[in-house]
Amino acid sequence: MGATAEERAMHIEQCDQGNTTILRLKGDLNEEAVFVLRNTMYDCVTERRVNLVLNLSEVRFMSYLGLGVILDRLRQVRKERGDIKIVGMNMYMDRMFRLGGAHGLFECFETEPQAIEVYRQAA
């Protein structure tokens, strides 16, 4: 039996640790959820929270629109001298990033502390 609509809905938990903001995504990053991610990441940029860690370990599905939002926000974040680190990318997302030409644009890590440490060392 498949997941319910509630289980598939996108939830984003934001956690600030020093100058780093962690966004933990849970659910499906489908067409309905794209605006939630777009707005959340936009708010981070406008608040000058541009050292982002995007935790995808609990994302079951990602559409190409979701990848497009991440790429668009990467451009904006880098314009502000920040970056986006990816945590918890599964094989499906890795393939999507490769096919979408985005694989080499992001540093990917197994855990949040590993990604946060890169920002700490750069500060």
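How many bridges join strand β3 to strand β4? Five do, linking β3 (residues 51–62) to β4 (residues 83–87), and the two strands run parallel. Strands here are DSSP runs of E, at least two residues, and helices are runs of H or I, at least four, numbered from the N terminus.

This is a predicted model, where local features need pLDDT of at least 70, side-chain atom pairs count only at pLDDT 80 or more, and totals for chains, interfaces and linings use all residues. Residues are numbered from 1 along each chain as its sequence is written, and side-chain values use heavy atoms, leaving out hydrogens and water.

Now the whole sheet. It is open, with five strands in the order β1-β2-β3-β4-β5 and mixed pairing. Two strands pair if DSSP finds at least two bridges between them. At the edges sit β1 (11–17) and β5 (107–109), each pairing on one side only. From one strand to the next, the twist averages 25°. Helix α3 (residues 64–79) packs on this sheet and touches β2 (20–29), β3 and β4. Contact means heavy atoms within 4.5 Å. The direction of α3 makes about 140° with that of β4. Axes are lines fitted to C-alpha atoms, for helices over the stretch in contact; angles run from 0 to 180 degrees between N-to-C directions.

T20 is buried, at 0% relative accessible area. Buried means under 20%, exposed over 50%, partly exposed in between (1.4 Å probe, protein chains only). Beyond its neighbours within four places in sequence, T20 is in contact with C15, R49, N51, V53, I116 and Y119.
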